[in-house]
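Good morning, and thank you for coming.

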Amino acid sequence: MRHATRIIRYQLRDIARNKWILAYAVVLGVLTEALFRLGGDGGRVVLSLLNVVLIFVPLVALTFGTLYLYTAREFIELMLAQPVGRGAMFAGLWAGLTGPLAAALLGGIGVPFVLHAGAMPVPARSLAMLLGTGVLLTASSTAIAFVLALRFEDRARGFGAAILAWLLAAVVYDGLVLLVATVFRDRPLETPLLVLTFLNPLDLGRVLLLLDLDVAALMGYTGAVFHHFLGGPLGLAVAGAALLAWIAGPLAAGGRRFARKDF
Amino acid sequence: MIHWALAAVAVLAGPPRQIVAGPGTAYPTLGAALAAADSGDTIRLGRGAYREGPLTIRVPLTLTGEPGTVLYGGPFTLLTVTADSVTLRGLEFRDIPPSAAEDRAALKVAGARGCRLEDLRFTNTFFGLYLSKVTGCVVRRVVARGTGRLESLSGNAIHSWSSSHLVIEDNDLSGHRDGIYFEFTTDSRVAGNLSAGNHRYGIHFMFSDGNTYEGNRFLHNGAGVAVMYSRRVRMTRNRFEDSWGSATYGLLLKDISDSELDHNRFRANSVGVYAEGTTRVTFTGNEFLGNGWGAQVMANAVDTRFLGNRFEGNSFDVATNSVHASSEFRGNFWDRYTGYDLDRDGTGDVPFAPVRLFALVVQQNPPALILLRSFFISLLDAAERVAPALTPQTMVDQAPRLRWAGDEAAQ
């Protein structure tokens, strides 16, 4: 545990100096600020940032995470030559990467909101949901990125796999869900669709945000399962727990791979 | 004839009197005071709890209470007014148990004209005020608090049947089945009321032509507001808010014709406005904010027009059930509009189609709603917008407004 915290601390310092993290924070900040300048109030800015958090944030976390593990190869080998447990090393690498990415997200989006908070009302709950979902998605994406980077020896293939995974989860998957919904239109679809949604972390993040932004529409739906599930705190709890599982699962898989890998 | 006869009696009986009634007076019960009163008299009913059987006011008189004047009911209609020109003021009615057999009310006015009912309070009553074949009555500042139990065990706060020329103003109604219920009630004005938290509808009317509804607030009622089978309805500056649920509507219009809705606000409802079988209904300068569906206009709604309204923050702006649906949209503000305005006249140069492809998908396949706000769905919508194939091309705003700066275009 002591090793892990020390590695995290080193990592944090290392990555905080990384210009890409800084650039990421700046891009998010400029984007948020631009949305405010384009005449949006707090609520509208949160809405516009929805797809940024659901699409752009996982893309950055996946690609950056994969590349990071390849770049850190020599450092990992050096560290593993020391009396440092592999579990501690892996946990340290992941937390040390996820922390700065999450901080960049919170800062990049949060700071413009703080700056504008005096001039207009900020939808605090929606913003908190947005940032919370963003942080969870970042943590899940970096864990998946590590799994991919450890799976493929070749850096180009690992990077390709990360891009492919993002494309699948962010775009193609919903198309398939819509296809299923259309093909099996005449059958009870609510439960299968909910299950399908839970199998994709990005969809889970989206549902979490829907529960905040579109309750009025969701409540207008007649089906009992959706109504029961999405209508109350149950949906929030279950979707949040499922997203946490999407962090823990890949972390466990990655950790096992890391422990067995022959560096 | 009877009225003339009564007037004659009143003249014979001398000038109007003031009757002071209540505990410790010559008339300790309301029944005694009513029995003694002649036409034109004023009864001042003192503070106290009055537990009397069904009572009837048969002559024109004024009955006033003071804070703490409470009439307790039972399994019957507590007070019935059958005379014209009766004024009731400052009374509280309590505890009328529900009934499945009769529409018993705290106060019933039947076949009378020109009553004034002001500053009354109905607490825990089945029906609060029941107007039957009444003309020219004013109901003002009534506070009704229903039993708060099931829809089937509650009556309406203000119920009107076969009446006309009513003024229903500044009342505060909650916990009933319907806040205000009109059936065959015409040429009336309903203004400044708050109808909130009723089990079914904030206001519900049928076969009620020529009424005006102005500046009312209908908030979080069980099924919102539903109005049906009426002509020449005018709704102005009302607020329809927070009605959530399936088959729950900010405002449901069914078979409404030749009607105007202007400057109303529909906010945070599952469905802002639902229009079915309507004819020549015009929406001007209304605001549709943060609803699940801003407006659902069915294909059997004919000649519906949306002019200069504001659509913002709705999950779906407009939905319909057929590609053949047609409504006219002009000069509305849409927060989803992405067009440009080269000549800077405040009107977009590219038309806007408010019916998204996804709205159609969900209409036909409701569970697909789970894909709301998906990136893939945005791509589909964008593709449909560029090359429309499935959405009704008759529902297009040819002159969308770029900014919502109040409702100047609507005037």
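This is a predicted model: local features need pLDDT of at least 70, side-chain atom pairs count only at pLDDT 80 or more; totals for chains, interfaces and linings use all residues.

B:Phe182 stands opposite B:Phe205, a residue of strand 22 of chain B. Residues are numbered from 1 along each chain as its sequence is written, and chains are lettered from A and ligands numbered from 1 in the order in which they are written.

Let us return to strand 22 of chain B, residues 201-206. Strand 19 of chain B, residues 178-186, runs parallel to strand 22 of chain B, and five bridges join them. Strands are said to pair if DSSP finds at least two bridges between them. Strand 22 of chain B also pairs with strand 25 of chain B, residues 224-231, in the parallel sense over three bridges. There, B:Phe205 has B:Val227 in strand 25 of chain B as its bridge partner.

Is strand 22 of chain B mostly covered or mostly open? It is mostly covered, with five of its six residues buried. A residue is buried if 20 or more other C-beta atoms, placed from the backbone, lie within 10 Å of its own; it is exposed at 12 or fewer, and partly exposed in between.

I turn to the domains of chain B. An automatic or database domain assignment supplies the bounds: domain 1 covers 1-206, and domain 2 covers 223-355 + 392-411. Taken over C-alpha atoms, the centres of these two domains of chain B are separated by 38 Å. Seven residues of domain 1 of chain B are in contact with eight residues of domain 2 of chain B, contact being C-beta atoms, placed from the backbone, within 7 Å.

Now to chain A. Its secondary structure comes to 12 helices and zero strands. Why does the radius of gyration of chain A agree with that of a compact globule? For 263 residues such a globule would have a value near 18 Å, and chain A has 20 Å, which agrees. The radius is taken over C-alpha atoms, and the globule rule is 2.2 Å times the number of residues to the power 0.38. Along the principal axes, the C-alpha atoms of chain A fill a box of roughly 60 × 50 × 30 Å. Of the residues of chain A, 42% count as buried.

Helix 9 of chain A is mostly covered, with 12 of its 13 residues buried, among them A:Pro201, A:Asp203 and A:Arg206. Helix 12 of chain A, residues 233-260, has 28 residues and should span 40 Å at 1.5 Å a residue; its end C-alpha atoms are 41 Å apart, which agrees. The expected span is 1.5 Å times one less than the number of residues. Buried residues of helix 12 of chain A include A:Trp246, A:Pro250 and A:Phe258.

Finally, the two chains together. Which numbers of residues does the contact take from chain A and chain B? Chain A gives 29 and chain B gives 27. Helix 7 of chain A gives the most to the side of chain A that touches chain B, with eight residues.

Note on methods: Two residues are in contact if their C-beta atoms, placed from the backbone, lie within 7 Å. Helices (H or I, at least four residues) and strands (E, at least two) are DSSP runs, numbered from the N terminus.
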